[in-house]
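Have the sequence and the 3D view open as you read.

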Amino acid sequence: MSYTIAGIQQIGIGIPRVQEAFAWYNRNLGMDIPIFEEAAEANLMLPYTGGSPHQRHAILAINLAGGGGFEIWQYTSRVPQPAAFSLELGDFGIFCTRMKSRDVKASYEYLKSQKASLLTPLVKDPGGADTFYLQDPYGNIFQVVKGTDWFGEGKQLTGGPAGCLIGVSNMEKSMRFYKEILGYDTVVYDQTAVFSDMKGIPGADKKARRVLLKHSKPRQGAFSRLLGSSEIELVQVIDKEPRHIFKDRFWGDLGFIHLCYDINNMKALEEKCKAAGHPFTVDSSNSFDMGEAAGHFSYVEDPDGTLIEFVETHKIPVLKKIGWYLHLQKRDASKPLPDWMLKALRFNRVK
């Protein structure tokens with residue numbers, strides 16, 4: 001049996017103050033439905049936390065318009081550390097998160113009215129589509145792009161994450177990884193230049209190769225209609241030597257800490273990753289239990305060490321007040337859940 005991917009489940013974001021960050025993402029990007037909130041010890045990520053477990057506080061928030069979520073993540077047993085250098089385009093790792101919008105221009109005007117830190121004006125990307133870039137209060141960069149599919153109604157015109165911009169050292173090797181394991185098999189554009197649409201982004205004055213990838217096959221699985229389609233943009237800088245975004249830091253420190261996919265059949269995925277030369281570096285072994293949510297998670301590294309997480313979801317809360325949870329292990333994991341069932345999550349919306 002092969003594995004299936006339902007879509008990008010969430011982007012992990014290391015921040016200094018979890019509640020403050022959740023409020024900002026809620027107000028500005030419509031990430032207003034907390035799936036879980038938990039304070040606990042992260043004891044399975046030892047390869048990336050100095051060999052010792054650490055306490056953390058995390059909120060997984062989604063936007064019911066569709067797209068992935070944010071896992072807003074704060075260390076509580078240590079002070080989360082920033083990079084020791086100014087991050088620039090092409091540095092290895094997740095540099096930017098793509099947020100989809102029903103109307104990119106209207107989203108630009110809304111965020112401008114909210115006095116968000118806009119890094120660029122409204123511009124055209126290399127494929128000719130409207131886009132712009134902004135920065136949250138913690139220095140994380142987001143790109144707003146036109147959405148192609150939607151699930152429900154959200155607070156803002158923006159939905160959830162619909163991809164990432166990732167710095168790489170070898171374009172062909174990275175394209176092979178994202179195609180063979182994650183299914184991004186179609187090139188939207190492949191251009192090399194100093195890109196005017198990125199003027200205002202740190203490091204965008206350097207010549208770079210940008211390749212935007214999408215998946216030709218629809219995602220499958222319980223949450224596939226909610227999570228929707230996604231695109232990955234790989235960037236290889238030509239005229240400088242990039243640095244690793246998390247060099248000499250822990251997973252969970254400040255910045256985009258991982259890209260997570262909701263999957264089915266972890267064993268088949270493990271075999272695929274191992275055969276491709278990317279074995280699991282972390283494996284929760286059968287199930288993790290976060291009280292409100294449970295499942296099986298694992299991690300691999302892309303060719304430059306960027307962390308990709310896989311989660312096979314076993315249980316999530318729908319209406320916590322009445323004890324309504326979705327238990328997913330005994331259903332056909334390839335079929336999407338009924339829309340009405342997931343749309344019931346709106347009753348957990350935070351104003």
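How many aromatic pairs does the count come to? Keep in mind that this is a predicted model. The count comes to 13 aromatic pairs.

## Rings that meet

Take Trp73 and Tyr75 as one of these pairs. Their ring centres sit 4.7 Å apart and the planes are at 85 degrees, so this pair is edge-to-face. Trp73 is buried, at a relative accessible area of 1%, and Tyr75 is buried too, at 2%.

Now find Tyr184 and Tyr261. Here the ring centres are 6.4 Å apart with planes at 65 degrees, so this pair is edge-to-face as well. Tyr184 belongs to the loop between H3 and strand E11 (186-193), while Tyr261 belongs to strand E14, so the pair ties together parts that lie 77 residues apart in sequence. Both Tyr184 and Tyr261 are buried. There is also a cluster to look for: ring pairs link Trp24, Tyr25, Phe70, Phe142 and Phe256.

Next up is helix H3 (171-180). Which of its residues are buried? They are Met171, Ser174, Met175, Phe177 and Tyr178. Look down the axis of H3 and these buried residues fall within an arc of 160 degrees, so they line one face of the helix. As a general point, an α-helix has 3.6 residues a turn, so residues three or four places apart point the same way.

The start of H3 has a contact of its own: a side-chain oxygen of Asn170 comes to within 3.3 Å of the backbone nitrogen of Glu172.

## The second largest pocket

The second largest pocket holds about 410 Å³ of space. Strand E1 (4-14) and helix H3 are the elements that give two or more residues to its lining. The lining has 16 residues, and Tyr3, Ile5, Gly183, Lys217 and Arg219 lie nearest the pocket's centre. By type, the lining residues are five nonpolar, six polar and five charged.

## Two positive phi angles

Finally, check two loops. Lys115 sits between helix H2 (104-113) and strand E6 (117-118), and its phi is near 60 degrees, a positive value in a residue other than glycine. Asn265 sits between strand E14 (255-264) and helix H5 (266-275), and its phi is positive too, near 80 degrees.

Is each one buried or exposed? Lys115 counts as exposed, at 75% relative accessibility, whereas Asn265 counts as buried, at 16%.

Definitions and conventions. Residues are numbered from 1 along each chain as its sequence is written. This is a predicted model: local features need pLDDT of at least 70, side-chain atom pairs count only at pLDDT 80 or more; totals for chains, interfaces and linings use all residues. Side-chain values use heavy atoms; hydrogens and water are left out. On a 1 Å grid over the protein atoms alone, a cavity is a set of points where a 1.4 Å probe fits but cannot get out, and a pocket is an open set with protein on both sides within 12 Å along at least five of seven lines; lining residues have an atom within 4 Å of a point. Grid points are joined across faces, edges and corners, and a volume is the space filled by probe spheres set on the points. Helices (H or I, at least four residues) and strands (E, at least two) are DSSP runs, numbered from the N terminus. Ala, Val, Leu, Ile, Met, Phe, Trp, Tyr, Cys and Pro count as nonpolar, Asp, Glu, Lys and Arg as charged, and the others, Gly among them, as polar. Buried means under 20% relative accessible area, exposed over 50%, partly exposed in between (1.4 Å probe, protein chains only). The arc is that of the directions from the helix axis to the C-beta atoms. A polar contact is a pair of N or O atoms within 3.5 Å; within protein, one must be able to donate a hydrogen and the other to accept it, and residues adjacent in sequence count only if both atoms are side-chain atoms. Rings of Phe, Tyr and Trp (its six-membered ring) pair if their centres lie within 6.5 Å; planes under 30 degrees apart count as stacked, over 60 as edge-to-face and the rest as tilted.
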